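Colleague: I would like to learn how to read this model. Where do we start?

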Amino acid sequence: MLGGLLAAAIGDRTAVAASGAVVGKAQTIRGNVRRRQGEADERLAAGGAVHDRDYVTTSTNSFADLALSETRILLGPQTELLIDSFIAGEGGTLELGLGRMIFDRPEGLPKVDVAVRTAFGMIGVRGTKFFCGPSRAAAFAVFVEHGAVNVEGGGIARTLTAGEGVDFDRPGAAPGEVTRWGQARIREAYASVGLR
């Protein structure tokens, strides 16, 4: 019986590892972070591989710092992220189900085309650093530290550049007017994904 349980555990781990190409690794993990592909589900630890089509979730008081090639993805607590398709050096699609994240691609690197889908709209990225998720009274917000992103929702598109943000009232609504964020709000947003 013990041999059967061990074989089943190894089989689950092998199924997760074999289901998608490796696109990165977990740099830092705090708390309970899991990754799932199909029926296979496992805890994600620092140094663990991240695969294309992985569904990564963080629990309460849990944070994940993922390196997808040169791009860094930071996830706050109670966040769900699907790496829908990602190719190192080229880009791909990420789907943020719940929660908040920071997308960080250092300045000076070649641009990559990345789309981030959310219930509130689509974020088009070409090499930048931005936050997205709940912020203060906003159900969802997007803030750009450097670079630029295009935010589309409710039939309206807005372009954000360094220091600018937009708020959403609800899924399906258009993004609000572009505003400059103050340092206090930026610090709050970054702290919500574990950055101090």
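This is a predicted model: local features need pLDDT of at least 70, side-chain atom pairs count only at pLDDT 80 or more; totals for chains, interfaces and linings use all residues.

Colleague: Which strand is joined to E6 by five bridges, and in which sense do the two run?

Modeller: The general idea first. Strands of a sheet pair through backbone hydrogen bonds, either parallel or antiparallel. Two strands count as paired if DSSP finds at least two bridges between them. Here, strand E1 (residues 22-30) is joined to E6 by five bridges, and they run antiparallel.

Colleague: Over how many bridges do E6 and E7 pair?

Modeller: Five, again in the antiparallel sense. Leu68 has Thr71 of E7 as its bridge partner. E6 and E7 form a hairpin, with two residues between them.

Colleague: Is E6 buried or exposed?

Modeller: Buried means under 20% relative accessible area, exposed over 50%, and partly exposed in between (1.4 Å probe, protein chains only). Six of the six residues of E6 are buried, so the strand is largely enclosed by the rest of the structure. Both faces are covered. Phe63, Asp65 and Ala67 are buried on one side; Ala64, Leu66 and Leu68 are buried on the other.

Colleague: What about phi in the turn between E6 and E7?

Modeller: Most residues other than glycine have a negative phi, and most peptide bonds are trans. Ser69, in that turn, has a positive phi of about 60 degrees. Ser69 is partly exposed, at 34% relative accessible area. Asn61 also deserves a look: its phi is positive, about 55 degrees, although it is not a glycine. Asn61 lies in the loop between E5 and E6 and is exposed, at 64% relative accessibility.

Colleague: Now the open sheet. In what order do its nine strands run?

Modeller: The order is E3-E2-E5-E8-E9-E11-E12-E15-E16, with mixed pairing. Strand E3 (40-43) and strand E16 (156-161) are the edge strands, each pairing on one side only. Neighbouring strands of this sheet are turned by 20 degrees against each other on average, direction ignored. The axes are lines fitted to C-alpha atoms, for helices over the stretch in contact; angles run from 0 to 180 degrees between N-to-C directions.

Colleague: In which sense do E11 and E12 pair?

Modeller: E11 and strand E12 (residues 122-125) pair in the antiparallel sense over four bridges.

Colleague: On to charges. How many salt bridges does the structure hold?

Modeller: Side chains of opposite charge can pair when their charged atoms come close. A salt bridge here is a side-chain nitrogen of Lys or Arg within 4 Å of a carboxyl oxygen of Asp or Glu. The structure holds 13 salt bridges.

Colleague: What does Arg35 pair with?

Modeller: Arg35 forms a salt bridge with Asp54, with the closest N and O atoms 2.8 Å apart. Arg35 lies in strand E2 (residues 33-37) and Asp54 in the loop between strand E4 (49-51) and strand E5 (55-58), so the pair ties together parts that are 19 residues apart in sequence. Arg35 is buried at 3% relative accessibility, and Asp54 is buried at 0%.

Colleague: And which residue does Arg105 bridge to?

Modeller: Glu70, with the closest N and O atoms 3.5 Å apart. That pair links distant parts of the chain, 35 residues apart: Arg105 is in the loop between strand E10 (101-104) and strand E11 (113-117), and Glu70 in the loop between strand E6 (63-68) and strand E7 (71-75). Arg105 is buried at 4%, whereas Glu70 is partly exposed at 41%.

Colleague: Which residues are linked in a network of salt bridges?

Modeller: Arg53, Asp84, Glu95 and Arg117.

Notes
Residues are numbered from 1 along each chain as its sequence is written. Side-chain values use heavy atoms; hydrogens and water are left out.
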